[in-house]
Amino acid sequence: MDAPSPRLLSVSARIGADLKAQIADGTYPPGSPLPSTRALAVELGVSRTTVTAAYDQLVAEGYLETRPGSRTRVAPGVLPAPPPVAAAPPQPPRLSAFGQRILAMPAHDAAPGPAIDFRTGELSGDDFPALAWRRALDAALLRRPARIGYDDPRGLPELRAALQAYLWRARGLRCGLDQIVVVNGSQQGIDLCARLLVDPGDRVVMEEPGYRAARGVFSAAGATILPVPVDGDGLRTDALAALDPARLAYVTPSHQFPLGGVLPASRRQALLAWAEGCGATIVEDDYDGEYRFDAKPVEALLGLDRAGRVIYVGTVSKTLSPQLRLGYLVVPQALGAAFAEAKRLADRQAPGLEQAALARFLASGGYERHLRQVRRRNAARRAALLAALAESFGDRVRVEGAAAGLHLVAWFLSVPAGGEAALVAAARAAGIGVHPVGPLYLRAAARPDRAGLVLGFAGNGPEAIRAGIRRLAAVVRGAELTLDSPVAGPT
């Protein structure tokens, strides 16, 4: 028998829906007969086969019943719909305390930026090693395991072995394979630290200003944030003694975010001594420590740790691509099992294919060749940005944090802090994406009284950087005229 056409099915489905509505409103009460299929077909102007299909479906669903020699009837026990009542406004699902804390946070700006955008965390598409990565992926795809299943939640053994060797070569770190946990980007690594180490009400030390997404993670966990000021050398460790004991400290010692200070040896030792003294854990976020332009990368804080107080957070988001979502933790031996189980409960494991490709890329030396190349390219971008700022603003701008990393902070000395939001909006209207430093401070009183912008340079070529700063200069000139403020000298 031929299958009914889609049109036939759609018409019979509509007839069935109409009959259900009439049963619900009492037009056809339980036990009442329905018109014959022939009569209803004539009335509706459709084929008898269409009506029969509708009846058969309602019989299958229990709305109708048939008996030999009698008409199809509404099944007994099918109740009409209750009379309508005034609908109460729907109540949304109740959020947990965690969910309420997240909802109360400032919304993240996820809108696509202009063509020239100085957003931090973005890389140039031209820098991605497409051919080398494709070869690594192809090799991983051709590897055919006997069975396909879930892997170790800590990550593929070959990737952890490659990371172990790389961290020793590049960052002076010695660690065991079972101390390395591969995560979906450094953000998941920070989140796991909060889940495993912080209870609601615990105190967490953070740099002021500091990384907003990390602050959000610890605030969502219910932590009380203790902001500690930074200067040109990073975290002011002399301020730690005045604080109440804390459970954890989150720091960016290799390149403080956003002001760029590199924590000197004396302060690193002081930070480790403080952690030992109060039993705190230090989360070291080495988000772009590979980028030093005038010297080799500094040793990681973890390399000085002798008491198992430091968790190291690394990522390839600033060297390969943020879209790969591959990062890693190096955790103290005593915490390895807890982090592995937490990772398994969170999402089982990081994607295996990308892990295998990264393992091959690291082991072959391709990753470090690529890193040397992008370091040179970003040095040229950095030089273009510094030259453009000097040419367009002269002594009306003060630059911080340009010695390392992939961003710097520009303080516009002729624009007060209160004009920062308007400056950002005017720049966007002019086709330039710039991002304010103000939201990176937890306390408004701690920030300087001048407008500041965090300018990332890795996502644009030198020519786009120069064009963007020329446009920004026109925007700042407009702000100066509007504010009618005198040009301030360097401070």
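Trainee: Over the ring of which residue does the charged end of Arg348 sit?

Mentor: The model is a predicted one. In it, the ring in question belongs to Tyr150, and the charged end of Arg348 is placed over that ring at 4.1 Å from its centre. The backbone of Arg348 also deserves attention, for its phi is near 75 degrees, a positive value in a residue other than glycine. Arg348 belongs to the loop between helix 10 (336-347) and helix 11 (352-363).

Arg325 is partly exposed, and its relative accessible area is 32%.

Let us now turn to the aromatic rings. The whole structure holds ten aromatic pairs. One of them joins Phe361 and Tyr367: the ring centres are 6.3 Å apart and the planes stand at 85 degrees, so the pair is edge-to-face. The reasoning rests on a cut-off, because planes over 60 degrees apart are classed in this way. Phe361 counts as buried at 3% relative accessibility, and Tyr367 is buried with a relative accessible area of 2%. A further edge-to-face pair consists of Phe393 and Phe412, with 5.1 Å from centre to centre and 70 degrees between the planes. This pair links distant parts of the chain, since Phe393 lies in helix 12 (residues 366-393) and Phe412 in strand 13 (residues 407-416), 19 residues apart. Phe393 counts as buried at 4% relative accessibility, and Phe412 is buried with a relative accessible area of 0%. Phe361 and Tyr367 also belong to a cluster, in which ring pairs link them with Phe128, Trp133 and Tyr166.

Eight strands form an open sheet with mixed pairing, in the order 4-11-10-9-8-5-6-7. Its edge strands are strand 4 (180-183) and strand 7 (234-235), each of which pairs on one side only. Within the sheet, strand 5 and strand 8 pair in the parallel sense over three bridges. Met206 has Tyr250, in strand 8, as its bridge partner. Helix 8 packs on this sheet and touches strand 5, strand 6 (224-231) and strand 8, while its direction makes about 165 degrees with that of strand 5.

Two prolines in loops beside these strands complete the local picture. Pro209 is found in the loop between strand 5 (203-208) and helix 8 (212-220). A cis peptide bond joins Glu208 to Pro209, with omega about 5 degrees. Pro258 is in the loop between strand 8 (248-251) and helix 9 (265-278), and the bond between Phe257 and Pro258 is likewise a cis peptide bond, with omega about 10 degrees.

Finally, the setting of these parts in the chain may be given. The chain is divided into domain 1 (11-74), domain 2 (128-364) and domain 3 (369-483). The centres of domain 1 and domain 2, taken over C-alpha atoms, are separated by 66 Å.

Conventions:
Residues numbered from 1 in each chain as written. Predicted model: local features only at pLDDT ≥ 70, side-chain atom pairs only at ≥ 80, totals over all residues. Heavy atoms only, no water. Domains from an automatic or database assignment. Helix = DSSP H or I, 4+ residues; strand = E, 2+ residues; numbered from the N terminus. Buried < 20%, exposed > 50% of the residue type's maximum accessible area, 1.4 Å probe, protein only. Phe/Tyr/Trp six-rings, centres within 6.5 Å; stacked < 30°, edge-to-face > 60°. Lys NZ or Arg CZ within 6 Å of the ring centre and 35° of its normal. Pairing = 2+ DSSP bridges. Contact = heavy atoms within 4.5 Å. Axes fitted to C-alpha atoms, helices over the stretch in contact; angles between N-to-C directions.
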